Amino acid sequence: MPDLGKGLAATVADTLGRAIAGGEHKPGDVLRTEDLAERFTVSRTVVREAVQALQSKRLLRSSPRVGLTVRPVSEWHLYDPDVIRWRLAGPSRTALLDELTELRGAVEPAAAFAAAKRGDRGQRTKLLESSARMRAAAAARDRKAFLEADVDFHQIVLGMCGNPLFAQLAPVTEELLRGRSELKLLPTAPDPADAMRHDAVAVAVAAGDPRAAEAAMRAVVAESLADIHMRLDARDVKG
């Protein structure tokens, strides 16, 4: 799926995509180019470029004599990182966090199992290095470094499992991890226990123990979901 890139059209696409994902424009609503140009104070050419980006992500449909129609959510490219980011910024974020974590729970333990069977020495070394970076970042209470190492860790596992369909889910996992950070659904400082759970995955994969790797990754995903709900519940109580 194409990246939005930079520029005025990208800004319009991002703002409009966020509005659609947030429910401001509901499925079936009709949008007109001239109205959008006036709304964003841009030319129709810029609007058309923005619309093309949203059409590529299947948020909008263009029909003769009708104009632009917002598609049902079920037709959107739901794995697209921009679509995930827009939905996480909207009112359905809690349901989406559950859905994304459920997807991770179905895929990542199986990916860890396969990685332990198929990964080569170089890949195993990279995974161990990534988990070591997570431990170091947790010890230093460095949230940014921890997040970057966490993203790398899951990308490595999905990439080394030998299944290209699993590997293409890496951007989904990355957007969920970064989205949690932006939504302030992570600990104030990295949790050393979380680093150790990831380390257990890396050690099992490096040892070529598929079942241990699968179980360890399942624990990682399960704890992630429990932590998300704990923080959302605490936020609701404060609110």
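Modeller: Let us begin with Arg-71, which has a relative accessible area of 12%. Since buried means under 20% relative accessible area, exposed over 50% and partly exposed in between (1.4 Å probe, protein chains only), Arg-71 is therefore buried. This is a predicted model, in which local features need pLDDT of at least 70 and side-chain atom pairs count only at pLDDT 80 or more, while totals for chains, interfaces and linings use all residues. Residues are numbered from 1 along each chain as its sequence is written, and side-chain values use heavy atoms, with hydrogens and water left out.

Biologist: Where is Arg-71 found, and what lies 3.4 Å from a polar atom of its side chain?

Modeller: Arg-71 belongs to the loop between strand E3 (67-70) and H4; helices (H or I, at least four residues) and strands (E, at least two) are DSSP runs, numbered from the N terminus. The atom at 3.4 Å from the side chain of Arg-71 is the backbone oxygen of Leu-60.

Biologist: How do you know that the length of helix H7 agrees with its number of residues?

Modeller: The expected span of a helix is 1.5 Å times one less than its number of residues. For the 18 residues of H7 (residues 143-160) that gives 26 Å, and the end C-alpha atoms are 26 Å apart, so the two agree. At the N-terminal end, Asp-142 caps H7, with a side-chain oxygen 3.3 Å from the backbone nitrogen of Lys-144. After H7 comes Gly-162, with a positive phi near 85°. Buried residues of H7 include Phe-146, Leu-147, Val-151 and Phe-153.

Biologist: What makes the contact between Glu-99 and Arg-87 a salt bridge?

Modeller: A salt bridge is a side-chain nitrogen of Lys or Arg within 4 Å of a carboxyl oxygen of Asp or Glu. The N to O distance between Glu-99 and Arg-87 is 3.9 Å, and the pair qualifies. Glu-99 lies in helix H5 (residues 93-118) and Arg-87 in helix H4 (residues 81-88), so the bridge ties together parts 12 residues apart in sequence. Glu-99 is partly exposed at 41% relative accessible area, whereas Arg-87 is buried at 10%.

Biologist: Which other pairs meet the rule, one of them involving Asp-152 and another Glu-174?

Modeller: Asp-152 and Arg-133 form a salt bridge at 3.1 Å, N to O. This pair links distant parts of the chain, with Asp-152 in helix H7 and Arg-133 in helix H6 (residues 121-140), 19 residues apart. Glu-174 and Arg-178 have their closest N and O atoms 2.9 Å apart. Both of these lie in helix H9 (residues 170-182), 4 residues apart, about one turn of the helix. An α-helix has 3.6 residues a turn, so residues three or four places apart point the same way. By the rule, the count comes to 19 salt bridges. A network of salt bridges links Asp-14, Arg-18, Lys-57, Asp-80, Asp-82 and Arg-85.

Biologist: Why is H1 called oblique to H3?

Modeller: The axes of helix H1 (residues 8-21) and helix H3 (residues 44-56) come within 8 Å and cross at roughly 55°. Angles under 35 degrees count as roughly parallel, over 145 as roughly antiparallel, 65 to 115 as roughly perpendicular and the rest as oblique. H1 is therefore oblique to H3.

Terms used: Polar contact = N/O pair within 3.5 Å; in protein donor to acceptor, adjacent residues only side chain to side chain. Axes fitted to C-alpha atoms, helices over the stretch in contact; angles between N-to-C directions.
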